[in-house]
Amino acid sequence: MFVQIGLLAVFTHMVFQHWEPKDVTRALTVLLSGSLGSILFAKSLTASGILVAVATFIASLCLSVVFYRVSPFHPLAQYPGPILNKITQLAPMWTVYTGHQHLTNHKLHAKYGPIVRIGPNDLSIVDVDAVNSVLGAGGLPKGQYYNARQIPNAPQNIIGMRGEAHAARRKLWNRGFSPESLQGYEAGIARRASQVVNKLNESVGKETDLVKWINYFAFDVMGEMAFGRSFNMITEGDKGGIWDTLGKFALQGAIASHIPWARGVFLKVPMFSKHFGKMRQFGMGCAMQRMKSEAKVKDLWYYLSDEAGIEKVKPAVPEVSADGTFAVVAGSDTTASALSSLFWFLIMNPDVYKKVQEEIDTVYPDYADPLNTARHAKLVYLNACINETLRLHPPIPTNGPRQVPEGTRGKLVAGRHIPEGTQVYVPPYSMHRDPRYFSPEPESFIPDRWLSASSFDKASSEKAFIPFSYGPANCVGRQMAKNEMLMFASVLLQHFTFQFAPGFGGREAEKWPERRLDYLVTTRAPLLVRAKPRNT
Ligand code: HEM
């Protein structure tokens, strides 16, 4: 009996392997058929006989999977990695859950080299060649990981789209980030930055959480930019608890991405579906309100819904709503993460802080308007500090994987053959700390390395610098993010001197980066500071 059931398990495994389940129903069907099949070989048709047969089948199936994944027959056998990661997707899922995916994978690269097998069918590649061959035009499409990033039964937003559908949607997005469109958003950014200055003035002499104000700023900016109305978080606080929802949504999305085929079941559990549902409701609410009221400026909705009537077929409202919601998530969490880290680096590095301060005072003399973007090009050192921040603390440290399409003969990446079906990560966090591309002292905050006068090898580092990803699905909002960061940092640095609050300095402040959790976008712990006015 054991031999027959063992063979049945191996056969079932082969079925699984070639027709990997796309949803849980198919997975259960295969499993149930196998279990029922095993009953045919049971010694007796008593309850215990059936139980032994089914248990033997399941145990044999698991063993078959384990042996195959660590065997030389597996297509990724030539790539090194921890044995547990080779065996089960649960290992990378656990790493994601801890929030230290970027740190764990970075250590794995230090141990195993530039290509690591981080999951049974997943590779992480740290090599500048992968930037173009994986992410670039003619590279690889987004992996199945992205299927789980969609809210079930909701229309697709741009992040999960591929190929021509993606290109068509991206055309609408590109219009929303043309130089003219970006100029249209500046007044809103300036208004919100000034509101934060007012709030910090109210907190003078007291400890305040800079991360909170940055979060509120980024969210209000995106509300106005995407839907033509601010969420008024700076003035009224986060009444709907949306930042809490965003954090949980990010964690659950990150975990679900590792089992995209089981997403349907995962999201039937109320604990998990709650936050997806709340985000969807939030987006629909914003969309409904936007449709009722004419926007005073050309917001992102204007471009995404083609209010100008350029397209032959107008985009459907649910799709525009899905993209609008995504814009708020993609644009606020990332920018807020970068700004929080920028201020942390400045306060931690007083010499750098002093140089930035001097530059701000020179570029905006006599209290000239620090929100004047025409002077941004002169903020050379601040720009270098932002680049260095994005290098060491990329807001999307691991990024989502691309996948070698099934039915192809694989893909050559960094001189190695990557078999079909493999998901490939090109993690910014590890790329940005690789001494081959960023030397000397790749782990240190040295903004000068970005200055044109520095002796730093910029040719190789610029190719390896991918905080906004690369290629046709790179960040469409990168210029807006840069404008926002320069405006916000300029105005705050002109008005205040920042120090860590008493009780937050020392070890507490040093440990702050460890509390940046990588759930695709990083979540941040509070950054407690004291803002001292500079009498502007
Ligand atoms: C410092 C701030 C930002 C960083 C570091 C950043 C980073 C990224 C990265 C790494 C990706 C690629 C994600 C992937 O491949 O899965 C991406 C995509 C995207 N980002 Fe950003 N982002 C930032 C700000 C923004 C802003 C302000 C917006 C405005 C709405 C935005 C909108 C988007 C969109 C729509 C995509 C998807 C593009 C596509 O699939 O074609 N991002 N971003």
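A: Happy to! Rings of Phe, Tyr and Trp (its six-membered ring) pair if their centres lie within 6.5 Å, and by this rule there are 21 aromatic pairs. The model is predicted, so local features need pLDDT of at least 70 and side-chain atom pairs count only at pLDDT 80 or more, while totals for chains, interfaces and linings use all residues. Residues are numbered from 1 along each chain as its sequence is written, and side-chain values use heavy atoms, leaving out hydrogens and water.

Q: Why is the pair of Phe227 and Trp301 called tilted?
A: Planes under 30 degrees apart count as stacked, over 60 as edge-to-face and the rest as tilted. The planes of Phe227 and Trp301 are at 40°, with ring centres 6.0 Å apart, so the pair is tilted.

Q: What makes this pair a tie between parts apart in sequence?
A: Phe227 lies in helix α10 (residues 210-227) and Trp301 in helix α15 (residues 300-304), so the pair ties together parts that are 74 residues apart in sequence. Helices here are DSSP runs of H or I, at least four residues, numbered from the N terminus.

Q: What makes Tyr302 and Tyr303 an edge-to-face pair?
A: Their planes are 85° apart, and the distance is 5.1 Å centre to centre.

Q: Why is Tyr302 counted as buried?
A: Buried means under 20% relative accessible area (1.4 Å probe, protein chains only). Tyr302 has 18% relative accessibility, so the label buried applies. Tyr303, at 11%, is buried as well.

How values were computed:
Helix = DSSP H or I, 4+ residues; strand = E, 2+ residues; numbered from the N terminus. Buried < 20%, exposed > 50% of the residue type's maximum accessible area, 1.4 Å probe, protein only.
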